[in-house]
Amino acid sequence: MVTEKKVGRIERFLKKADRAIDEGIKRADEALDDAVEFGGMAANQAKKTSKELRNRAIKEKAEITTKGIKKINESIAAVKQATIKTSEELATLEKLGELRKAGILTEKEFQEKKKKILSRI
C-alpha cells in the first residue's frame with residue numbers, strides 16, 4: 001500500500017520536476033530569442049558590409065575604366081604622333097634623295113643625313 005507520506009513525496013517530486021522542466025523550457029526560449037536577435041544583427045551587418053563592398057567595387061571599376069580610357073587615348077595619340085613624325089622623316093629623306101640626284105648633295109652627305117633620319121624612325 002502506498003502511504004500518504006509516499007504520495008506527498010511523489011507529488012512534491014513531480015511538482016519539482018515540472019518546475020525544472022518549465023525553467024529549462026524558459027531558458028531554451030530565452031536562448032533561442034537571443035540567437036534569433038543575434039542572427040538578425042549579423043544578417044544586417046552582412047547586408048551593410050555587402051553594400052559597402054559593392055559601392056566600393058563600382059567606384060573602383062569607374063576609376064579603372066577612366067584610367068584605362070586615358071591610357072588608350074594617350075597610346076593612340078603617341079602612335080599618331082609617331083606616324084606623323086615617320087611620314088615627315090620619310091618625306092625629308094625623299095627630298096634629300098632628290099637633292100642628291102640634282103647634284104646639290106654628295107653621296108657622302110646624303111648617306112650621313114639618311115643614317116641620321118633612319119635612326120630617329
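Helices (H or I, at least four residues) are DSSP runs, numbered from the N terminus. The legends below describe a predicted model, in which local features need pLDDT of at least 70 and side-chain atom pairs count only at pLDDT 80 or more, while totals for chains, interfaces and linings use all residues. Residues are numbered from 1 along each chain as its sequence is written, and side-chain values use heavy atoms, with hydrogens and water left out.

View 1. A salt bridge is a side-chain nitrogen of Lys or Arg within 4 Å of a carboxyl oxygen of Asp or Glu. The structure holds three of these.

**View 2. A salt bridge joins Arg 120 to Glu 89.** Their closest N and O atoms are 2.9 Å apart. The pair links distant parts of the chain, 31 residues apart: Arg 120 lies in helix α2 (residues 107–120) and Glu 89 in helix α1. Is Glu 89 buried or exposed? Glu 89 counts as buried because its relative accessibility is 10%. Arg 120 is partly exposed, at 41%. Leaving aside residues up to four places away in sequence, Glu 89 touches Ile 117, Arg 120 and Ile 121; contact means heavy atoms within 4.5 Å.

**View 3. Glu 107 and Arg 100 meet through their side chains in a salt bridge.** The N to O distance is 3.3 Å. Glu 107 is partly exposed, with 43% relative accessibility. Arg 100 is also partly exposed, with a relative accessible area of 28%. Side chains of opposite charge can pair when their charged atoms come close.

**View 4. Five residues gather in a patch of negative charge on the surface: Asp 29, Glu 30, Asp 33, Asp 34 and Glu 37.** Such patches are made of residues with over 30% relative accessible area and no salt bridge, like charges being joined within 9 Å. Asp and Glu count as negative. One of the residues, Glu 30, is found in helix α1 (residues 4–101). Glu 30 has a relative accessible area of 42%, so this residue is partly exposed.

Key. Patches are made of residues with over 30% relative accessible area and no salt bridge: like charges are joined within 9 Å, nonpolar side chains (Val, Leu, Ile, Met, Phe, Trp, Tyr) within 5 Å. Accessible areas come from the Shrake-Rupley method with a 1.4 Å probe; for residues, only the protein chains shown count as cover. The place of a charge is taken as NZ of Lys, CZ of Arg, CG of Asp or CD of Glu. Helices (H or I, at least four residues) and strands (E, at least two) are DSSP runs, numbered from the N terminus. Buried means under 20% relative accessible area, exposed over 50%, partly exposed in between (1.4 Å probe, protein chains only).
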